[in-house]
Amino acid sequence: MSDPYTIIIGLEVHVQLPTESKMFCGCSTKFGAPPNTQTCPVCIGMPGSLPVMNRKAFELSLRTAVALGCEIPRFTKWDRKNYYYPDLPKGYQISQFDLPLSCNGWLDIGCGKKDNLRAPEGGDSPIARPHPNLLPKGEGTSSSGPRRIGIIRAHLEEDAGKSMHDEVAGKADSRIDLNRTGTPLLEIVSEPDLRSPAEAKEYLAELKLLLAYLGVSDCNMQEGSLRVDANINLHIDTPQGKIATPIVEVKNMNSFRAVERALSYEAERQWREWQETGHKLGDVPKSTRGWDEGSQTTHEQRSKEESSDYRYFPDPDLVPVTVTEAEVEQVRASLGELPAALRARLEQTYGIPAYDSDVLVNQGRAIVDFYEYIARSCGDGKTASNWVQQDVLRLVNSRPDLKFEFVLETGQLVGRLAGTTMYIASPTLAVDLSKIGAPSVRYEHEVSVADHLTLSGTAIVEVIKAVKAGNFETSRGREVLGIMLTSDKPLADAVSELGIEQVDESALIELCRGLLAANPKIVAEVKEGKPKGLGALIGQAKKKNPNVNANRVRELCLQLINDQAHSTPS
Ligand SMILES: [Zn+2]
C-alpha cells in the first residue's frame, strides 16, 4: 500500500565558494587556521569599516546560476539581514533579499535511470531521452525517472562565524571562531518539487556534480563547503479534502545520507504528530529542528523567524551590481560540457546505455576523458565502458588510500583521483580552472604524489584489442592488464608471464572433433536446435587446454555439427 500522504521537500543549499579571500574584505578563507587569525575590521563589523565586493565570488555565482538555467536580472543589490548571534558580532549578515542575482532556474535529476534497470552487457536497446521541456516538473511521487526540479533563486551572501560548544578538553564552555565570518556563500533554493527523501539525495548529488564540473566548489561537507537545510511537510488526503501539515526546516545534516535519513524520520514524525494533534499549516509557527546523528532523530530548536523579523534593508555601504547581456553570454559560452549534456553525448557518440553514461559522468571529467580515449582507440564504446566500469573503477574504489593518475598515449595526465575527490590536472579539460579565475581552488595543492598508481589508457586499449582479436578471453585479459598496470610490463611479457599461448587452429579443430565424438548426446540436441549443451563442451575444452578461446570453440563445434548434418550419409 502506498503512503497515506505525499512528502513535499524543498532544499536550501549553501555552497562555500573557493575564493582566496572573503566576500567583502581581503582576509584569507583558508580552512584550518588557528581560531580568529583570519579577521579584520570589515568582516567583524567595526564601525567605519567599508566592505568591497569580491568580483571572483560574483563571477562564480553567475557561472552557477547560468548553468542552472536561471534568469539573470540586469540589476542586483545587497541587503542587510539583521539578527544577533554570538558568531555574528556585526549584528547583521550581508545577503540579497528582493533582488537576488538569479531566479527561476531548474536542475534535471534521475536522467541516468531512464532505462532504470541495468542493461545486460552488450544487449541493450537505447531509449530515447525525453526532450527537456517535456520532463515532468513538480508533481510526481517516485524517483523512478527523469524529473525537473525548479530553482527559485541562487543568491550570494556572507557566512557567519562558528560557535564551538564544549569542544576544548571536555570543558563546559563556548568559544567563538570568526575565521569563517564573511566567507562567500552561494545559496541555491529549490522549489518544493522534491517528493521523497531519496529524490532529495539525488538532487544533491546532481547539484554537487554540476558544481564540480563548473569548478565552483569542491563540495567538501566535512569542511563545511556545502551545507543543506531542508523544508519538509506533508500533503494528506482526508475526507474533507487535501490538507498540509506545518512546514519544518531541518538543519545540521552533514552528509547526503544524513539528509535522506533525517527527511525519512521527519516525514514519519509529522504523520504521527498530525494524527495526534491535527495541526495544519498555519495553526502553529514554522519550526526549525536539528538532526541528531547519534540518536537518528530530529529535535525542536526554535520557532522559525519570518523574513519580516529580519528587518531587511539595502546595505548603504555597497553599490548594486549590474550585469549586461554580453556578460551573461560570455559566461554561458565558457561553461564547457555539463553533466546532462555530457551524458547525452556519450550515449549518442559511443552507443552506450544511459546507465553507463551516468556512471562514467558521475565519476568526474578525468574518468570521462580517460573513457573517451579508450573508446575511440579501440573503436567499441560499450566494451570500453565495461572495462572502465568493471576494472578501472573497481580498482579505484577499492583503494581509497591511493591516488590514481590517468595517462593517455602521449603520457598526458588527464587528472588525479583521490578517494572521492577529483583533482584536475589537464589543461585540455573543458573546465580549465585558471580560465574561470579560480586559481586558489583547493583541488591541486593538496595532492601529494607519494602513493599513486598510474593507469595507462594505452595498456587497456591493447588488452581490449587482443581480446577482440581472439588472442585470449576477457577474464584472462583482466589478469594481463593487472600485470601490465602493476609492473609496467608490455602486453607480450604479461601474456608470456601468464603462460598464455595462442592455440593453433588445426589443433583446436582436432580438439573439437574429439569432444563431439565423445558427446553424441549433446551433438544430437544441437542438431534439434537445442544448443544449451555447447557450454559443457566449452568447459571440457578449457580443461584440456586453458588457452582456448571459448567463442572460437563454440563457433568450430557448431560448424562441425553443421557439416555433419549436411554431409550425405554413405
Ligand atoms: Zn576580513
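Helices (H or I, at least four residues) and strands (E, at least two) are DSSP runs, numbered from the N terminus. By that rule, the protein chain has 15 helices and 20 strands. This is a predicted model: local features need pLDDT of at least 70, side-chain atom pairs count only at pLDDT 80 or more, and totals for chains, interfaces and linings use all residues. Residues are numbered from 1 along each chain as its sequence is written.

Start with the chain as a whole. It has 570 residues, and 37% of them are buried. A residue is buried if 20 or more other C-beta atoms lie within 10 Å of its own, exposed if 12 or fewer, and partly exposed in between; C-beta atoms are placed from the backbone. Contacts come next. Two residues are in contact if their C-beta atoms, placed from the backbone, lie within 7 Å. Take the contacts in the protein chain with a separation of 6 or more: residues 24 or more positions apart account for 70% of them.

Now the interior. In soluble globular proteins, nonpolar side chains tend to be buried together. A nonpolar core is a set of buried Ala, Val, Leu, Ile, Met, Phe, Trp, Tyr and Cys residues joined through C-beta atoms within 7 Å. The largest one here has 60 residues, and V15, A200, Y203, A230 and L263 touch the most other members. Helix α2 (residues 197-214) supplies the largest share of this core, 8 residues. Look at Y203. Leaving out residues up to four places away in sequence, Y203 touches L11, L107, I109, I149, S190 and L194. A second, separate core has 40 residues, including F406, V463, F472 and L481.

Two helices further along the chain pack together. Two packed helices are described by the angle between their axes and the distance between the axes. Axes are lines fitted to C-alpha atoms, for helices over the stretch in contact, and angles run from 0 to 180 degrees between N-to-C directions. Helix α9 (residues 457-468) meets helix α10 (residues 474-487) at about 155 degrees, with the axes 10 Å apart. So α9 is roughly antiparallel to α10; angles over 145 degrees count as roughly antiparallel. From α9, the contact uses A459, I460, V463, A466 and V467. From α10, it uses T474, G477, V480, L481, M484 and L485.

Turn to the strands. Two strands pair if DSSP finds at least two bridges between them. Strand β3 (residues 79-82) pairs with β15 over 2 bridges, in the antiparallel sense. There, D79 stands opposite P314 of β15.

A hairpin lies elsewhere. Strand β13 (residues 287-292) and strand β14 (residues 297-303) pair in the antiparallel sense over 6 bridges. R289 has E300 in β14 as its bridge partner. There are 4 residues between the strands of this hairpin.

Q296 counts as exposed because it has 12 C-beta neighbours inside 10 Å. N252 also has a positive phi, near 70 degrees, and is a residue other than glycine. N252 sits in strand β12 (residues 248-253). With 18 other C-beta atoms within 10 Å, N252 is partly exposed.

Key:
Angles under 35 degrees count as roughly parallel, over 145 as roughly antiparallel, 65 to 115 as roughly perpendicular and the rest as oblique.
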